[in-house]
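Thanks for coming. I will go through one structure, a few places at a time, and define the terms as they come up.

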Amino acid sequence: MKKIALLLILLVTVVTFAQETTSIKIYRPEETKVHDLVHTKLKVNFDFVKRQMNGEVWITAKPHFYSTQKFTLDAKAMLIHEVKRENTNLEYNYDGTELIINLGNAYAKDEKFEVYIKYTARPEEVKQKGSMAITDAKGLYFIDPDETDPEKPTQIWTQGETESSSCWFPTIDSPNQKTTEEIYITVPEKYTTLSNGLLQSQTTNVDGTRTDYWKMSQAHAPYLFFMGIGEYSIIKDTWNTIAVDYYVENEYKEEAQAIFGNTPEMIQFFSDRFGVPYPWEKYSQIVGRDYVSGAMENTTSTLHGEMAYQKSGQLVDENTWEDVISHELSHQWFGDLVTTESWSNITVNESFATYSEYLWREFKYGKDHADAHLLQDRTEYLMGGNYDKNLVRFHYTSREDVFDGVSYQKGANVLHMLRNQLGDDAFFAGLQHYLTKHQFKAAEAHQLRIALEEVSGKDLNPFFNQWYYSNGHPKLHVSYEFDDNYNTVTVNIKQAEKVFNVPLVIDVYESGKVANHTVQLNKKEHSFTFQYNKKPDLVNVNGNHILLCEITEKNKTLDNYIFQYNNAKHYSDRKNAIVEFAKQQDNDLAFKALAKALNDPYFELRILALNSIDLAGKYKKKEAIKAIEKMATTDSKTKVKGVAIGILGKLIDPVYKPIFSRGMQSDSYSIKGSSTIAMYDLDKPAALEAMKSFDKDTQEFLATLLTKIYIEENDESQMPFIAKNLLATMFISNFSQYHKDNFEKTFDWIATSSNKEAVQNLVTDLVKNGKRYKKYGVDQLALSLMQKLIQKQTDSENTEKEAFILIVKRGMAELLE
């Protein structure tokens, strides 16, 4: 499952999630296997009004080892109507969480039995929290079942991870179980369904419904069971002879191929890289509204959140969802084919999926692209502050806590180190061995270690003990001592806080050549001395950027950084140098180096250089400005062009008006947005006239930018548009007192107006965001603003104030439901 962080800056609410404390010492083992699931057959239909599901389930199981007479199933907040075996009613006890069935007679090891249960799933009654405390983990989600929201389609989708499949069907809801599956889904005829495995048949019923029969012939974990229901266009693709389909709302059918179209190539790549061909019967991807996370790797049927939807103007710049697509696809091997045996071992799912984002980028777009992503992962882990958490975590407060920067981002970096230690051939052969040995089973990190050891012949216990079963990372304080009398450089390294036993690469650059030295850190302080003929131009600690660590360096000069940018080719070396140039760009040499970085081969570093450069005193910086002019018109990346245009816009120079004018007509939202701001600052009438030609998609994507312009213009004709997007202007990264004052002024302008459409749009937006971000306190913010809106209308001279106040009160009632 891919987690998407949601960063909201609120005027009135700051929410801090408590961190898991090290005082919690509850051991979290693998779930004891009393029974093994064998097969699960389901028949379901839905009560949209009550938001409930009517279900029948036939469960085939067998004792794992010891003979048993009772069969315990997870079943949360259900109504149990019947429990039978071979048409005989069985005695049972049900406490709202567990269903304990008396089988009538004892069953021995491997002796199969089948029980039938008729039940009603009531997801709205479930009271368990999901990860990030975003929502109740109710397993089954009805989206606008009453069809009352004109902006939202009616949908149903499920979310099983961690243990929420038992909210919609009785099962042994543990990741160490595997079962085959078949499911009959009855829905109104207009809806499309998606589930695991292959669609076997569709039967039209006399009552206007249709029953779709899906069958999954390969065993998988219960938390990976899935249903998706709604009005979808299905875009069909293939990999070899396997169907690869994309389920999207009709509005996005033209963009579906651009969003998901790399999937067949990804399947081929991962099949080759992991040494195991894609193991399932099909692969589908579906987008669900109001999804509770980023995406979920349900076997053969990945569910994506609506952030996957992008319009062509966005996709021209970048497919921002591609990492999620590769992440979820790789789970079909790491997580679905071989599944973590317990949530303590989630690293064997999520660390691999996160590292697979790197592998795909490395293959498809090159090393800079991949290294940039890995550095981002590393930075997110380091900023997360979870240094006290092990990668394999047998002690946690809630199982949802393990879905964090340690299991994802740190784990990906640990795998990168392990790959480097073993070499590519042994590493990927070891992964193939692990996947083959444990296919259709559950596994833990020790079994990963053993598989890699069996292939490589190396003892990996020290590595796993340090990186999987311990916590933290090296924090290195580095200084250099040059001795020209003896022609030596001494690198002093002090490990702060915790001592690690790790290899470290130190690169010494001398006379156009680089010497790579691998040293071993294993104590608090080290001094490593290297001979030279000529004083080195650069000593680069962690020169290959493999070791996950923090480095603080002393006595590194600007000359060192300039040399580093020009000669140390790793993405991180170049980025770190650019950051240093920006800090010192008052120095001519630093500015020239920063200007040179405008031509960096990797587009994100060109953008970093653009965003860092200071063009104050522009007449002394003509060469840099010429470079930026060229970037604005000829760079191969539209995102770079957009940033370059934004920089030129700040110069307020009429000579650039043709660039801005063309940019406002561009297909790229990046170029169009920057050009609009630049043109508005230079020639407001021309900008406002060009904005009239923006289509609906452009207006929606650039809504925050356009809203600011319309507010500044005090354009009453655009008041409904402003009202619809006003709240979003609060959630910008640099929200200041100026923005707060401007927001309040604009709010009062709308609140005291007689523009009914604007007031309705404002209320609708407050309700929508209040509901969506309730856990962040936005509902309270929305209620307070609506109360203020009522007061403003009460005090206004609007002759229709009573009707306006009624609109607000209805919005408040809807928000409080």
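I start with T698, which, leaving aside neighbours within four places in sequence, is in contact with Y669 and K672; contact means heavy atoms within 4.5 Å. Before going further, this is a predicted model, in which local features need pLDDT of at least 70 and side-chain atom pairs count only at pLDDT 80 or more, while totals for chains, interfaces and linings use all residues. Residues are numbered from 1 along each chain as its sequence is written, and side-chain values use heavy atoms, with hydrogens and water left out.

Back to T698. It sits in helix 20, residues 696-701. Helices (H or I, at least four residues) and strands (E, at least two) are DSSP runs, numbered from the N terminus. Is T698 buried or exposed? It is buried, because its relative accessible area is 2%; buried means under 20% relative accessible area, exposed over 50%, and partly exposed in between, with a 1.4 Å probe and protein chains only. The side chain of T698 also makes a polar contact with the side chain of D695, at 2.8 Å. A polar contact is a pair of N or O atoms within 3.5 Å; within protein, one must be able to donate a hydrogen and the other to accept it, and residues adjacent in sequence count only if both atoms are side-chain atoms.

Next, K792. This residue belongs to helix 25, residues 778-795. K792 counts as partly exposed, because its relative accessibility is 27%. G197 is 595 residues from K792 along the chain, and the C-alpha atoms of the two are separated by 57 Å.

Y358 gives another case. It lies in helix 5, residues 347-365, and counts as buried, because its relative accessibility is 2%. For H373, which is 15 residues away along the chain, the C-alpha separation from Y358 is 6.6 Å.

Now helix 7, residues 406-422, which has a kink of about 25° centred on A412. The bend at a residue is the angle between axes fitted to the seven residues ending there and the seven starting there. Why is helix 7 described as largely enclosed by the rest of the structure? Because 15 of its 17 residues are buried. After helix 7 comes G423, with a positive phi near 90°.

On to strands. Two strands pair if DSSP finds at least two bridges between them. There is an open sheet of eight strands, in the order 5-4-8-2-1-11-14-13, with mixed pairing. Strand 5 (88-89) and strand 13 (198-204) are at the edges with a single partner strand each, so one side of each has no neighbour in the sheet. Within that order, strand 2 (residues 52-63) and strand 8 (residues 113-121) run antiparallel and are joined by nine bridges. V57 stands opposite I117 in strand 8.

Strand 10, residues 155-158, is covered on both faces: Q155 and W157 on one side, and I156 and T158 on the other, are all buried. As a general point, side chains in a regular strand alternate between the two faces of the sheet. Strand 9 (residues 140-143) runs antiparallel to strand 10, with four bridges between them. Strand 15 (residues 227-230) is also antiparallel to strand 10, over two bridges. Which residues stand across from W157? Y141 is opposite W157, and in strand 15 the bridge partner of W157 is G228.

Last, some backbone details. Most residues other than glycine have a negative phi, and most peptide bonds are trans. E161 and T162 are joined by a cis peptide bond, with omega about 5°, and T162 is in the loop between strand 10 and strand 11 (179-188). D110 is not a glycine, but its phi is positive, about 70°. D110 is in the loop between strand 7 (98-107) and strand 8. N555, also not a glycine, has a positive phi near 45°, and lies in the loop between strand 29 and helix 11. N555 counts as partly exposed, because its relative accessibility is 49%.

That is the end of the tour.
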